[in-house]
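Have a look at the sequence and the model before reading on.

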Amino acid sequence: MTTTTTKKAAARGNGKAAHANESAKLVAGFGQQMAMIEFRPDGTILTANENFLKAVGYAPAEIEGQHHRMFVAADHATSAEYREFWARLGTGTPSTGEFPRVAKGGRPIWIQATYFPVKDEAGKVYKVVKFATEITAQRAAAAAARRASDAMDAVATNVLVCDADFKVVYGNK
């Protein structure tokens, strides 16, 4: 092998290391801002960051080694839909959406999340990483706004709501 070839091979190796380092920094950055939890492909919890633990009210020792089903309603945990959810993740299909979850003590919460299957060099899923944001307060506010709108729509008279510039922001049906 020539010196030039050796230098090129070393540069490729360093490039892979630099890419892996950059990827680790990105994940760490996301983890500082978002709730993050890692699972085995079968749903067994590996680890969770502080943001996730705060959202669900658990300590690491209370969740590590447990199954994801501890965060869902009992009837959902035994459903075909839930089994299919984990089967799809296990085949490498990500899942994104708003999900109802159960925090410590049975407290209901909502999260907006993406579950990312992570594959090894052979293309086999070896873990699933979830990045999430708790949206319970936003969903409650939206529900309250819908109830207020429904109540105004039920009134027999016309109702207009204007902003400070007298721009109509709501009119009932």
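Is Phe166 buried or exposed? With a relative accessibility of 70%, Phe166 counts as exposed, since the cut-off for that label is anything over 50%. Keep in mind that this is a predicted model, so everything below is computed from predicted atoms.

Phe166 sits in the loop that runs between β6 (160-162) and β7 (168-171). Its phi angle is near 60°, which is a positive value in a residue other than glycine.

## The overall layout

Now step back to the whole chain. The protein chain holds six helices and seven strands. Starting at the N terminus, the order of elements is α-β-β-α-α-α-α-β-β-β-α-β-β.

The chain has 173 residues, and 28% of them count as buried.

## The nonpolar core

The largest nonpolar core is made of 26 residues. Ile37, Phe52, Ile63, Phe71 and Tyr115 are the ones with the most contacts inside this core.

Setting aside residues up to four places away in sequence, Phe71 touches Ile37, Ile45, Phe52, Val56, Tyr58, Ile63, Pro100, Arg101 and Val102. Two of those partners, Ile37 and Phe52, are also on the list of core residues with the most contacts.

## A cavity inside

How many cavities of 30 Å³ or more are there? The count comes to one, and the largest cavity holds about 60 Å³ of space. Phe71 turns up here too, as part of the lining, along with Ala35, Phe52, Ala55, Val56, Arg101, Ile109, Ile111, Lys130, Ala132, Thr133 and Glu134.

The elements that give two or more residues to this lining are α2, β4 and β5. Which one gives the largest share? That would be β5, with four residues.

## Two salt bridges

The count of salt bridges comes to two. In one of them, Lys127 pairs with Glu38, and the closest N and O atoms are 3.0 Å apart. This pair links distant parts of the chain: Lys127 is in strand β5 (residues 125-134) and Glu38 is in strand β1 (residues 35-39), 89 residues apart. Glu38 counts as buried because its relative accessible area is 17%, under the 20% cut-off.

The other bridge joins Lys104 and Glu62, with 2.7 Å between the closest N and O atoms. Lys104 lies in the loop between β3 (95-102) and β4 (108-119), while Glu62 belongs to helix α3 (residues 60-63), so the pair ties together parts that are 42 residues apart in sequence. Lys104 is partly exposed, at 38% relative accessibility, and Glu62 is partly exposed as well, at 32%.

## A buried asparagine

Asn49 lies in the loop between β2 (45-48) and α2 (50-56). Is Asn49 buried or exposed? Its relative accessible area is 15%, so Asn49 is buried. The side chain of Asn49 reaches the backbone oxygen of Met34, at 2.9 Å.

## Two residues on strand β4

Pro108 lies in strand β4 and is exposed, with a relative accessible area of 62%. Leaving out residues up to four places away in sequence, Pro108 touches Arg101 and Thr136. Pro108 and Ala73 are 35 residues apart in sequence, and their C-alpha atoms are 8.9 Å apart in space.

Gln112 is also found in strand β4. With a relative accessible area of 43%, Gln112 is partly exposed. Neighbours within four places in sequence aside, Gln112 is in contact with Gly97, Glu98, Phe131, Ala132, Thr133 and Ile135. Gln112 and Pro100 are 12 residues apart in sequence, with 9.0 Å from C-alpha to C-alpha.

Definitions and conventions: Residues are numbered from 1 along each chain as its sequence is written. This is a predicted model: local features need pLDDT of at least 70, side-chain atom pairs count only at pLDDT 80 or more; totals for chains, interfaces and linings use all residues. Side-chain values use heavy atoms; hydrogens and water are left out. A salt bridge is a side-chain nitrogen of Lys or Arg within 4 Å of a carboxyl oxygen of Asp or Glu. Buried means under 20% relative accessible area, exposed over 50%, partly exposed in between (1.4 Å probe, protein chains only). A polar contact is a pair of N or O atoms within 3.5 Å; within protein, one must be able to donate a hydrogen and the other to accept it, and residues adjacent in sequence count only if both atoms are side-chain atoms. Contact means heavy atoms within 4.5 Å. A nonpolar core is a set of buried Ala, Val, Leu, Ile, Met, Phe, Trp, Tyr and Cys residues joined through side-chain atoms within 4.5 Å. On a 1 Å grid over the protein atoms alone, a cavity is a set of points where a 1.4 Å probe fits but cannot get out, and a pocket is an open set with protein on both sides within 12 Å along at least five of seven lines; lining residues have an atom within 4 Å of a point. Grid points are joined across faces, edges and corners, and a volume is the space filled by probe spheres set on the points.
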